[in-house]
Amino acid sequence: MRTFTAETADPAAICEELMNGPGAVRIAGLFSPDQIADARAIIMQHSDNEDDKVTHFQGAAMEDGKANLQRRVWNLLAKGDVFSEMAAHPVLMQILGRWLGNEFIMGSIAANRILPGGPGQEPHIDFPYWDFYKPDSHPMGLNSSFPMNAQVTVALDHFTNESGATAYLPGSQKNMRYPTPDDHDGFYANCARMTGEPGDVVIFYGAAWHCAMPNNADHDRNAVLINYIPKFVKPLEDMPGALPRAFLDAASPDMRQLLGFNYKYPEILDQADAENAEGMVNTGATA
């Protein structure tokens, strides 16, 4: 996995890695120790004191009675300012604007905490592709020639092979297919790992086959997981609906974009202003 810093994170080079390279890059030290400590403390508090939350790709863990060793914390924007800082970091905004279009939005922001002994996930692809194990429910010809997803993982603990750093199959983002059980042996035999230190960020194309691996270390494996999508894709989380009015009223321009406020559709057109709302003429659009 190619590694960048905040200073060297060239959007064109990174997008090339995501589309035509291995499918993932690392940005070292993007977030400060104070930001990481703040985020981790909030996540630990909520995951220790709240009931179990909905999770994904943990069917085997459910059957084995180990699902409690992997804990989700949702709606992070409402739980601390640090998560807004992470979601709208200028370096990420610049990269993702090139990758998904400059009006991209956020589909989800959550935490995944895997305790020592916690199991891994099944190999999968991410929202909005994540239920492509039901291919007939998706449009014919769906492919990865243009992205409808970017995943950002912010490491809050040491991501090592022992602690369950995410495994991914380099190049698999080019194929737009959900990995079947018949693919699992080849996946594990050929996968790379998204290792990193607290404060590092991994950006990857969620069409790449990947999964959290078992945590065999003596410490937690915490991460903030952020899903970004084009403006026209329905988000995974209803974040505006879960956020307090004070947060929405005070949202920065970048946060308003991420929450989808800059894209008015769906709209009740029978009640819309009688104007030419779309088209190049008289709307400021340019070729």
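The structure is a predicted model, and the protein in it contains nine helices and 10 strands. A compact globule of 287 residues would have a radius of gyration near 19 Å, and the value for the protein, 19 Å, agrees with that expectation. Of the 287 residues, 52% count as buried, and residues 24 or more positions apart account for 82% of the contacts with a separation of 6 or more.

**Overall dimensions, surface and charge**

- Along its principal axes, the C-alpha trace of the protein spans about 60 × 45 × 40 Å.
- The protein exposes about 13,800 Å², and carbon and sulfur atoms supply 50% of that area.
- Among the side chains, 20 are positive and 37 are negative, and the centres of these two sets lie 2 Å apart.

- Strands of a sheet pair through backbone hydrogen bonds, either parallel or antiparallel.
- Strand 4, which covers residues 105-114, is mostly covered, given that 10 of its 10 residues are buried.
- Strand 3 (70-73) runs antiparallel to strand 4 and is joined to it by four bridges; in this pairing Arg72 has Asn112 of strand 4 as its bridge partner.
- Strand 10, made up of residues 221-229, also pairs with strand 4 in the antiparallel sense, over nine bridges, and here the bridge partner of Ile109 is Ile226 in strand 10.

- Helix 5 spans residues 90-100 and is mostly covered, with eight of its 11 residues buried; the buried residues are Val91, Leu92, Met93, Ile95, Leu96, Gly97, Trp99 and Leu100.
- Gly101 follows helix 5 and has a positive phi, near 95°.
- Ser84 is found in helix 4, which covers residues 81-87, and Ser84 counts as buried because its relative accessibility of 16% is under the 20% cut-off.
- When neighbours within four places in sequence are left aside, Ser84 is in contact with Leu77, Phe247 and Met255.

**Positive phi outside glycine, and cis peptide bonds**

- Most residues other than glycine have a negative phi, and most peptide bonds are trans.
- Asn75, in the loop between strand 3 and helix 4, has a positive phi near 55°; with a relative accessibility of 16%, Asn75 counts as buried.
- Met176 lies in the loop between strand 6 and helix 6 (184-190) and has a positive phi near 40°; Met176 is buried as well, with a relative accessible area of 7%.
- Phe127 and Pro128 are joined by a cis peptide bond with an omega of about 10°, and Pro128 lies in the loop between strand 4 and strand 5.
- Tyr265 and Pro266 are likewise joined by a cis peptide bond, with an omega of about 5°, and Pro266 is found in the segment after helix 9 (253-258).

- Met140 counts as exposed because its relative accessible area of 82% is over the 50% cut-off.
- Between Met140 and Asn175 there are 14 Å in space, taken C-alpha to C-alpha, while the two residues are 35 residues apart in sequence.

Technical notes. Residues are numbered from 1 along each chain as its sequence is written. This is a predicted model: local features need pLDDT of at least 70, side-chain atom pairs count only at pLDDT 80 or more; totals for chains, interfaces and linings use all residues. Side-chain values use heavy atoms; hydrogens and water are left out. Helices (H or I, at least four residues) and strands (E, at least two) are DSSP runs, numbered from the N terminus. The radius of gyration is taken over C-alpha atoms; the globule rule is 2.2 Å times the number of residues to the power 0.38. Buried means under 20% relative accessible area, exposed over 50%, partly exposed in between (1.4 Å probe, protein chains only). Contact means heavy atoms within 4.5 Å. Accessible areas come from the Shrake-Rupley method with a 1.4 Å probe; for residues, only the protein chains shown count as cover. Lys and Arg count as positive and Asp and Glu as negative; His and the chain ends are not counted. The place of a charge is taken as NZ of Lys, CZ of Arg, CG of Asp or CD of Glu. Two strands pair if DSSP finds at least two bridges between them.
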